[in-house]
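The points are grouped by topic.

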Amino acid sequence: MLRALAVHGAVLLSGPPGVGKTRLANEALTSVPHPVVRCHATDAASSIPLGAIASLLPATLPSPFVRAAAEHLSRGGRRVLSVDDAHLLDDASLSVLQHLVRHRLMRVLCTARSGWGLEGLAVVEVGTAGPVMGLVLMHQRQCARAEDVLAESMAAAGDTETLVQVGCARAYNLFFGLGDEDAAVAVLDSVSAQRLSAELEHAVMSCALTFALEAAPVGVARLGGVLLGGRAGQRVLAVADQFAGRYSDAIARSEDAGETVPGPFPSVRSGVRAESMLRSGDLTGAERRAVPEVHRPASQVLSRVLLSQCARLRGKAASAVRITAEVVPEPDVRLMLWDVLLLAEFAAGAALQGQPDRASRALARAEAGLRPAWRMARFAVGAARSWVLAGAGRADEAMRAALDNADLAREHGAHSEEIVSLHDAARFGADTSPRLLALAKSRKDPLMTAYAAHAQARALRDPAGLEEVAAAFTACGAALYAAEALAEAGRLARLHDRPRDADRLDRQASALAESFGGASTPGLVVTSTLAALTPRQSEIARLAVVGLSTAEIAERLTIAKRTVDNHLHTAYAAVGVTGRDGLRALLGHGAHATAGAPNGKRRP
């Protein structure tokens with residue numbers, strides 16, 4: 001209904017008396033982001049010209065009055081006119097309504113009894129308002145009220161088709177809204193216990209598989225998609241492919257099956273093609289397809305999550321935070337599944353932007369709102385947890401959290417989440433190259449290949465390999481990862497005594513980082529640290545890191561030892577360390593920080 005209102009601009013809710021048309025319209029209008037003007041047609045006013053809308057008009061109208069009345073109602077910007085019992089409108093009010101609809105002067109939502117119509121109104125038949133009302137309440141985050149409405153409607157269902165419709169709506173609200181997997185399954189079991197046609201059995205199974213995609217191991221959900229068959233089965237398999245990290249297959253299946261799930265029960269993962277594009281390395285394509293459906297809050301939230309992820313990969317931390325912050329639910333709202341995903345993404349963006357307290361609060365809300373049934377969402381929260389830890393300067397804990405999340409995802413068959421967490425762990429300092437290389441063997445997507453190559457080049461301490469990886473990340477649009485690879489390559493080139501290459505790589509990393517607007521990761525600390533030093537301080541600090549003594553630095557640079565010591569102490573203060581060990585931790589890895597000293601001993 002809201003989709004029809006957004007697309008067509010004029011909608012008629014049609015149905016017999018007593019099915020709840022007015023209540024449904026009123027509930028739906030609470031979700032419309034525009035002012036609502038209301039009128040109610042009655043038998044008493046049906047013989048009075050403009051009687052239904054007289055209270056909305058001035059005492060006198062210029063001629064022609066129909067056009068004047070329509071212009072008066074539509075003035076003041078985008079508004080919605082609600083007309084209840086439109087079949088009782090007087091002729092003059094009906095003419096004004098027709099003028100508004102024909103010229104699209106404002107959005108119109110009418111209710112009327114079956115058999116009445118008006119040219120230009122998109123008709124939505126209302127057999128029983130229960131399931132629709134329940135979903136309206138659910139999308140307004142009033143899930144407990146929705147359960148009451150749907151339970152009552154299910155008890156009153158007079159035929160199996162209505163029972164299936166209401167039962168699926170109720171189970172959907174129980175699972176995605178209240179997070180009660182057992183109750184949702186029990187509702188579908190009670191529906192399935194009836195003697196259903198093959199078509200209705202297929203509808204119940206399709207609804208059940210939307211839950212399996214979130215709760216069951218990926219392999220189990222995949223089997224369900226095979227058994228379901230048809231386009232609905234293909235959509236289940238597309239989501240399963242995405243979760244398994246097989247993005248090319250997921251994109252192909254979504255193209256074959258179509259992404260939009262008909263009816264009121266879409267999977268919250270209905271944007272499988274856009275997310276698969278993002279995870280395969282086509283950020284631009286993902287951003288183009290991340291268009292929210294205005295009538296579904298879940299769609300709006302999940303589109304913002306995807307756009308925020310794209311912004312983070314591009315290094316645009318402020319944009320990522322802004323995209324998600326606009327739809328973060330109020331603190332007293334009971335969280336639904338998509339709210340948890342949103343808060344996890346918001347926490348990751350805030351951590352990247354250098355707002356650890358804000359990130360921690362968002363993560364705490366996501367963790368508190370997580371329900372056992374939402375197993376796939378658990379991995380998104382786990383990934384955010386590692387970045388909140390990193391943003392707080394706890395890189396070792398962040399690395400362990402990322403590895404733990406990768407292990408849990410692997411057990412579930414969610415290799416897409418395993419891949420991301422393994423790459424994060426590599427960025428925090430772990431050698432995850434064997435696992436990433438193994439996963440990359442059967443997944444040839446550009447970003448997956450770059451992840452594995454990045455982890456391997458870091459493990460091998462290969463500056464040339466890291467520079468190649470930076471080019472691969474840049475081709476995908478993942479500028480943040482490219483900057484990290486260049487920063488690490490510059491550090492390693494310096495340790496390999498290739499100062500010219502190191503300077504070039506540092507400049508490239510700094511040029512990328514300058515466009516990030518405050519994004520900070522452990523992999524960028526070298527770039528940001530060196531930016532805090534003068535050229536002479538940076539030069540002396542690097543020589544100290546590779547093991548040269550104060551005397552050797554003074555001799556090489558033809559300056560006094562006291563000048564070297566002064567520059568070093570100033571550099572320590574600038575980057576927040578207390579000595580050479582701290583400097584080595586920032587600018588070089590411990591095992592290789594002795595490269596310039598004989599016999600591997602550190603210089604004093």
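A residue counts as buried when its relative accessible area is under 20%, and as exposed when that value is over 50%, with partly exposed in between. Phe 175 has 0% relative accessibility and is therefore buried. The model is a predicted one.

**Nonpolar cores**

- The largest nonpolar core contains 69 residues, and Met 138, Phe 175 and Phe 211 have the most contacts inside it.
- Helix α17, spanning residues 337-352, supplies the largest share of this core, with 11 residues.
- Another core lies apart from it and has 68 residues, including Leu 436, Leu 466, Leu 486 and Ala 487.

**Phe 175 and the aromatic residues**

- Not counting residues up to four places away in sequence, Phe 175 touches Asp 180, Glu 181, Ala 184, Phe 211, Glu 214, Ala 215, Ala 373 and Trp 374.
- Across the whole structure, a search finds 8 aromatic pairs.
- In the pair Phe 175 and Phe 176, the ring centres are 5.0 Å apart and the planes stand at 80 degrees, so the pair is edge-to-face; the cut-off for that class is over 60 degrees.
- Phe 176 is buried because its relative accessibility is 0%, against a cut-off of under 20%.
- One aromatic cluster is formed by Tyr 172, Phe 175, Phe 176 and Phe 211.

**Ser 14 in strand β1**

- Ser 14 belongs to strand β1, which covers residues 10-15.
- The relative accessible area of Ser 14 is 2%, so this residue is buried.
- With neighbours within four places in sequence left aside, the contacts of Ser 14 are Lys 21, Ala 112, Arg 113, Ser 114, Gly 115, Val 123, Val 124, Glu 125 and Val 126.

**Pro 16 in the following loop**

- Pro 16 sits in the loop between β1 and α2 (21-29).
- Pro 16 counts as partly exposed because its relative accessibility is 39%, a value that falls between the 20% and 50% cut-offs.
- Leaving out neighbours within four places in sequence, Pro 16 is in contact with Lys 21, Ser 114 and Val 126.
- Lys 21, Ser 114 and Val 126 are also among the contacts of Ser 14.
- Between the C-alpha atoms of Pro 16 and Ala 384 the separation is 50 Å, and the two residues are 368 residues apart along the chain.

Conventions
Residues are numbered from 1 along each chain as its sequence is written. This is a predicted model: local features need pLDDT of at least 70, side-chain atom pairs count only at pLDDT 80 or more; totals for chains, interfaces and linings use all residues. Side-chain values use heavy atoms; hydrogens and water are left out. Helices (H or I, at least four residues) and strands (E, at least two) are DSSP runs, numbered from the N terminus. Buried means under 20% relative accessible area, exposed over 50%, partly exposed in between (1.4 Å probe, protein chains only). Contact means heavy atoms within 4.5 Å. A nonpolar core is a set of buried Ala, Val, Leu, Ile, Met, Phe, Trp, Tyr and Cys residues joined through side-chain atoms within 4.5 Å. Rings of Phe, Tyr and Trp (its six-membered ring) pair if their centres lie within 6.5 Å; planes under 30 degrees apart count as stacked, over 60 as edge-to-face and the rest as tilted.
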